[in-house]
Amino acid sequence: MNTTAMSPAEFEQALRAKGAYYHIHHPFHVAMYQGQASVEQIRGWVANRFYYQINIPLKDAAIMANCPDRETRREWVQRILDHDGAPGEAGGIEAWLRLAEAVGLDREQVLSQELVLPGVRFAVDAYVNFARRACWQEAASSSLTELFAPQIHQSRLDSWPQHYPWIDPAGYAYFRSRLKQARRDVEHGLRITLAHYQTYEAQQRMLDILQFKLDVLWSMLDAMSMAYEFERPPYHSVTHERVWHRGISL
């Protein structure tokens, strides 16, 4: 078995090849792009994805808390501002709430997290906990699913207005803003990753870390598929009520 470390170009190519497993290929996403998603499915996706959005700043703050390098922190903090909002700016979380309103969800209900499925919560929490416990370089490089993010945001902007005219176009501001932000974040994440993983063993570990993040995103959609596509939400065989927990400290 060849255990020679990849060159930076080869390593980047190997990272980009992981795009074959990005959640853009999940049947739930494919249905959305093809105009086959129901109103309930769109709303369910937006409400559950909100839990991911509000945890991104927590993940990024955890990375910064473990990072002793001042210059890296000064650049990484922009990710938190992108989502939480800088003074005088709404930020990505507010933009997502406006998307929720655009698809007909109640803002307060989304904020309450009562619609967040346990499978989605567990997947997102696993990602945040990884960021807290891993070394900062590994946690930072786990964000490199952003390599594939511009494509997914553009796909939504291209297909949703055509297939779902009932959605208020004002709700698409989040997707438009992330096109530029994701490309900037990719550049920074790649610099960290290509500099840190120099040996064969380290590069293989990074590929596994990226696969873990892909698992998180795919698992979120698996949970949503069960609930909104196959009509088998948690406890469906015993109750129609949303009895699952809404977030506790564990």
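Modeller: Gln211 has a relative accessible area of 19%, which means it counts as buried, the cut-off being under 20%. Keep in mind that we're looking at a predicted model. Gln211 sits in helix H11. Leaving out residues up to four places away in sequence, Gln211 touches Lys18 and Tyr21. With Lys18 there's also a polar contact between the side chains, at 2.9 Å.

Now go to Lys213, whose side chain makes a polar contact of 2.8 Å with the side chain of Thr145. Thr145 belongs to the loop that runs between helix H8 (136-141) and helix H9 (149-163). Is Thr145 buried or exposed? It's buried, because its relative accessible area is 4%, under the 20% cut-off. If you ignore residues up to four places off in sequence, Thr145 touches Tyr22, Leu210, Lys213, Leu214 and Leu217.

Beyond the residues up to four places away, Ala134 touches Asn66 and Ala139. Along the chain Ala134 and Ala62 are 72 residues apart, while 9.5 Å separates their C-alpha atoms.

Ala62 brings us to the pairing of helix H3 (residues 39-65) with helix H7 (residues 118-133), in which Ala62 is one of the H3 residues that meet H7. Two packed helices are described by the angle between their axes and the distance between the axes. For H3 and H7, the axes come within 9 Å and cross at roughly 10°. That angle is under 35 degrees, and therefore H3 and H7 count as roughly parallel to each other.

Which residues meet there? On the H3 side they are Asn48, Tyr51, Tyr52, Asn55, Leu58, Lys59, Ala62 and Ile63. Facing them in H7 are Val120, Arg121, Val124, Asp125, Tyr127, Val128, Ala131 and Arg132. By class, this contact of H3 with H7 has 10 nonpolar, 2 polar and 4 charged residues.

Asn129 is another residue of H7. At 28% relative accessibility, Asn129 is partly exposed. Its C-alpha is 8.0 Å from that of Lys59, although Asn129 and Lys59 are 70 residues apart in sequence.

Cysteines come next. How many disulfides does a search of the whole structure find? The count is 0. The cysteine sulfur closest to that of Cys67 is in Cys135, and at 10 Å it's too far for a bond, because a disulfide needs the sulfur atoms within 2.5 Å. Cys135, likewise, is in no disulfide, with the sulfur of Cys67 as its nearest at 10 Å. Cys67 is buried, at a relative accessible area of 5%, whereas Cys135 is partly exposed, at 33%.

Glu114 is buried, with a relative accessible area of 17%. Setting aside neighbours within four places, Glu114 is in contact with Gln109, Arg242, Trp244 and Arg246. With Gln109 there's a polar contact, side chain to side chain, at 3.3 Å. As for His236, it's 122 residues away from Glu114 in sequence and 16 Å away in space, C-alpha to C-alpha.

Last, the backbone. Most residues other than glycine have a negative phi, and most peptide bonds are trans. Glu231 has a positive phi of about 55° although it isn't a glycine. You'll find Glu231 in the segment after helix H11 (200-229), and at 62% relative accessible area Glu231 is exposed. Tyr235 also has a positive phi, near 70°, and isn't a glycine either. Tyr235 lies in the segment after H11. With 48% relative accessibility, Tyr235 counts as partly exposed, because exposed would need over 50%.

Conventions. Residues numbered from 1 in each chain as written. Predicted model: local features only at pLDDT ≥ 70, side-chain atom pairs only at ≥ 80, totals over all residues. Heavy atoms only, no water. Helix = DSSP H or I, 4+ residues; strand = E, 2+ residues; numbered from the N terminus. Buried < 20%, exposed > 50% of the residue type's maximum accessible area, 1.4 Å probe, protein only. Polar contact = N/O pair within 3.5 Å; in protein donor to acceptor, adjacent residues only side chain to side chain. Contact = heavy atoms within 4.5 Å. Axes fitted to C-alpha atoms, helices over the stretch in contact; angles between N-to-C directions. Parallel < 35°, antiparallel > 145°, perpendicular 65-115°, else oblique. Nonpolar A, V, L, I, M, F, W, Y, C, P; charged D, E, K, R; others polar.
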